[in-house]
Structures are given as structure tokens and as C-alpha cells.
Amino acid sequence: AADLLACNMVIIGAPPDRLRFGGRSVRTRVFVDGRSVYDGRAATVVAATGEFLRGLDLSPRGHPGDGRLEVQIYAVPGSDRRMFRSRLRTGSHLPHPRILQRTGREVRIETARPRPLEVDGARLPARRTLTVAVVPGAFRLLV
């Protein structure tokens, strides 16, 4: 497993803006700061320090300078996915009863089979396990 640097967002599973009716959910276990927060079927897990994904307000509470990961676990059934995708632009897809949200400094994700991986918009090889941790001061962003 290689170490990667992400500045905005890490997604394992189908990205929320590309999650379709027939997209697969697999058994997924998620640990935030060492505590188990989810064990069930999910299509996607997002760990974000930032707010936006391809111009969509995916993580409305995300802020790259607060030292926290905003974790979202998508257990949205296929029949609800079109409706929630239409709300991504404004961030009004949250709260949602089938999107679990947690905040922490480290998240570990384990899936039953390899899932697609996206890091800051770049697609990477699929994997079954992933750990994402905030490293304060790892880079400086000038705008």
C-alpha cells in the first residue's frame, strides 16, 4: 500500500455524483478515530477536508483548515439516488436518513470486495481497505 497525499477528498466506491440506480452496495466497515461507526452495506464512503467535488457542494461542513475529516457513508437505496444526486449542487442532499455523517481525524474503511478509489478527482486502482488521516500543516495552499 502506497502513501498518497490528498488535499480535498478521498472516495471509495462510486463517487456520489456518479452513483446510479444499479450501482452496487457491498458490505462495508468504517472506523473513525479507532471507533466502529458503521458495519453494513454501502455504495460509497467519502472522507473530505474540503467542501466541493466537481463544482458540487458535496461536503457542506468541509473546511480544509479545521484539521478534521468529514466522513459520509452512503447506504442510499437505488430508488433514492436520482433525487439525492439532484441536490448535490446546493448541499441540500444532507441530512439524509441513509447517509451517515461523522467527523474525525482518521478513518479506516474496509470493504468485502475491491472498490473504485478516487483521490482529489483522480481515479486510482480499486482496493478493499483504506486509511485516511489528517496531517495538519502538510501543505500550504495559496489562493
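Asp 17 counts as buried, at 16% relative accessibility, where buried means under 20% relative accessible area, exposed over 50%, and partly exposed in between (1.4 Å probe, protein chains only). This is a predicted model, so local features need pLDDT of at least 70 and side-chain atom pairs count only at pLDDT 80 or more, while totals for chains, interfaces and linings use all residues. Residues are numbered from 1 along each chain as its sequence is written, and side-chain values use heavy atoms, with hydrogens and water left out.

**Salt bridges**

Asp 17 has a salt-bridge partner in Arg 54, a salt bridge being a side-chain nitrogen of Lys or Arg within 4 Å of a carboxyl oxygen of Asp or Glu. Arg 54 sits in the loop between strand S4 (44–48) and strand S5 (69–74), and Asp 17 in the loop between strand S1 (9–13) and strand S2 (26–32), so the pair ties together parts 37 residues apart in sequence. Strands here are DSSP runs (E, at least two residues), numbered from the N terminus.

Glu 118 pairs up with Arg 18. Glu 118 belongs to strand S7 (residues 106–119) and Arg 18 to the loop between S1 and S2, so this bridge joins parts that are 100 residues apart in sequence. Glu 118 is buried, with a relative accessible area of 3%, whereas Arg 18 is partly exposed at 35%.

| Pair | Closest N and O atoms |
|---|---|
| Arg 54 and Asp 17 | 2.8 Å |
| Glu 118 and Arg 18 | 4.0 Å |
| Arg 108 and Glu 110 | 3.1 Å |

Arg 108 is partly exposed, at 33% relative accessibility.

**Nonpolar cores**

Now for the cores, each a set of buried Ala, Val, Leu, Ile, Met, Phe, Trp, Tyr and Cys residues joined through side-chain atoms within 4.5 Å. The largest has 20 residues, and Val 30, Val 71, Ile 73 and Val 107 have the most contacts inside it. Elements giving two or more residues to this core are S1, S2, strand S3 (35–42), S4, S5, S7 and strand S8 (122–133). S7 supplies the largest share, four residues.

Leaving out residues up to four places away in sequence, Val 30 touches, among others, Val 71, Ile 73, Val 107 and Arg 108, with contact meaning heavy atoms within 4.5 Å. There's also a second, separate core of 15 residues, which includes Met 9, Ala 48, Leu 53 and Leu 58.
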